[in-house]
Amino acid sequence: MPSGLKNSRQPLIPQWSLLGCGALGGVFASLLTISGQSTRALLREHHQSTLHPGIDFTSLEGHVQLLNIERGFVSNPGKIKRLLVMTKANQVLDALTPLVGKLDAGVPIVLLHNGMGIAEQVVAMFPHNPVIGGVTSHGAMKCGHFVFRHTGKGETWLGPINEAANAHVALADELALALGQAGWDEQILVRQWQKLAINCAINPLTALYKLKNGELAGPRFADALQQICVEVADVMCAEGIATTAEELQRRVMTVVELTADNYSSMYQDMEQGRETEIEAITGFLLAKAAEHGIAVPVNQGLYQAVKEKSQAA
């Protein structure tokens, strides 16, 4: 048989393998597919027995599409060209563990999750792979089993976590084809801290008080938001990242306004009895504050309240 014919029967390797098909993962899988980039959603084993006709996706404009997206399972992931990890922060390491020893050296791992402190552990797990950190402010909602809605257009930035990642700048351009914007930033750590500040401000308050993001704009929460930003700015400066509480507060209020009708991910997790990402968000801040001997009482109080409320549920 001619070798060309044999090769034509080989299964195609998708451009993206996506680990984590929650709200944001489902929206990204949909947008990548619509842009013509082949995508495989890697699911957990318990999904093997569930009917999977496709992804029911509603765009920002309200257009509804049923998308046929290839699925695979982490126990037998198939060939991976690049891995986009979009699980919750507290699920990243467990989700990646089955892929240790199965991921070819050199395959880039892109981490798009809330919070910080996890990327370094991924580098240790996969020492021969480029690890890329990212932040995104797109809004997403999971409305049912493989039913997703894109609720807000945001910015997405990627950047290097280890040296090998610098060879994969072009991944940002490919994501931009699907998202409308995506950029590469050598100083991704700064953007991650800025996103952490926003999450520290919005997520615990909306989860504890059962609010839409926009409800934080009222005078009731002005003092709390200001103090959260003062505390985060103190820790960021101690970490060598120049910022001010005023700058962080402007960023927080911009996101509050842009996502006014959205419910934060922590609100959704708490309402549905799921584990929150508080450890990777406020917990990470508290750990860094302790290293520098900085008092962060408002963030400490919110952390404790979320933990207690989660345990009570």
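Me: Why is Phe221 called buried?

Reply: A residue is buried under 20% relative accessible area, exposed over 50%, and partly exposed in between (1.4 Å probe, protein chains only). Phe221 has a relative accessible area of 5%, and is therefore called buried. The model is a predicted one, in which local features need pLDDT of at least 70 and side-chain atom pairs count only at pLDDT 80 or more, while totals for chains, interfaces and linings use all residues. Residues are numbered from 1 along each chain as its sequence is written, and side-chain values use heavy atoms, with hydrogens and water left out.

Me: How do you know that Trp193 and Phe284 form a tilted pair?

Reply: The count of aromatic pairs in the model comes to 3. Rings of Phe, Tyr and Trp (its six-membered ring) pair if their centres lie within 6.5 Å; planes under 30 degrees apart are stacked, those over 60 are edge-to-face, and the rest are tilted. The ring centres of Trp193 and Phe284 are 5.6 Å apart and the planes stand at 55°, so the pair is tilted.

Me: What makes this a link between distant parts of the chain?

Reply: Trp193 belongs to helix α6 and Phe284 to helix α10, 91 residues apart. Helices (H or I, at least four residues) and strands (E, at least two) are DSSP runs, numbered from the N terminus.

Me: What makes the pair of Tyr209 and Phe221 edge-to-face?

Reply: The centres of these rings are 5.3 Å apart and the planes are at 65°, so the angle falls in the edge-to-face class. Tyr209 is in helix α6 and Phe221 in the loop between α6 and α7 (222–238), 12 residues apart.

Me: Why is Tyr209 called partly exposed?

Reply: Its relative accessibility is 42%, so Tyr209 counts as partly exposed.

Me: How do you know that Arg191 lies over the face of Trp157?

Reply: A charge sits over a ring if NZ of Lys or CZ of Arg is within 6 Å of the ring centre and within 35 degrees of the ring normal. Arg191 is placed over the face of Trp157 at 3.7 Å from the ring centre. Arg82 likewise lies over the face of Trp16, at 4.9 Å from the ring centre.

Me: How do you know that helices α6 and α8 pack against each other, and at what angle do their axes cross?

Reply: Two packed helices are described by the angle between their axes and the distance between the axes. Axes are lines fitted to C-alpha atoms, for helices over the stretch in contact, and angles run from 0 to 180 degrees between N-to-C directions. The axes of α6 (residues 188–209) and α8 (residues 245–258) come within 9 Å and cross at roughly 65°. Helix α6 contributes Gln194, Ala197, Ile198, Ala201 and Ile202 to the contact, and helix α8 contributes Glu247, Leu248, Arg251, Val252, Val255 and Val256.

Me: What makes up this contact by residue class?

Reply: There are 8 nonpolar, 1 polar and 2 charged residues. Here Ala, Val, Leu, Ile, Met, Phe, Trp, Tyr, Cys and Pro count as nonpolar, Asp, Glu, Lys and Arg as charged, and the others, Gly among them, as polar.

Me: Why is Leu285 called buried, and which residues does Leu285 touch?

Reply: At 0% relative accessibility, Leu285 is classed as buried. This residue of helix α10 touches Trp193, Leu196, Cys200, Val232, Val235 and Asn299, not counting residues up to four places away in sequence. Contact means heavy atoms within 4.5 Å. Lys288, also placed in α10 (residues 279–292), touches Trp193, Val235 and Glu239 under the exclusion of residues up to four places away in sequence.

Me: What makes the phi of Phe146 and that of Lys210 worth noting?

Reply: Phe146 has a phi near 60°, a positive value in a residue other than glycine. Phe146 lies in the loop between β9 (139–144) and β10 (147–152) and, at a relative accessible area of 5%, is buried. Lys210 has a positive phi of about 55° although it is not a glycine. Lys210 is in the loop between α6 and α7 and, with a relative accessible area of 47%, is partly exposed.
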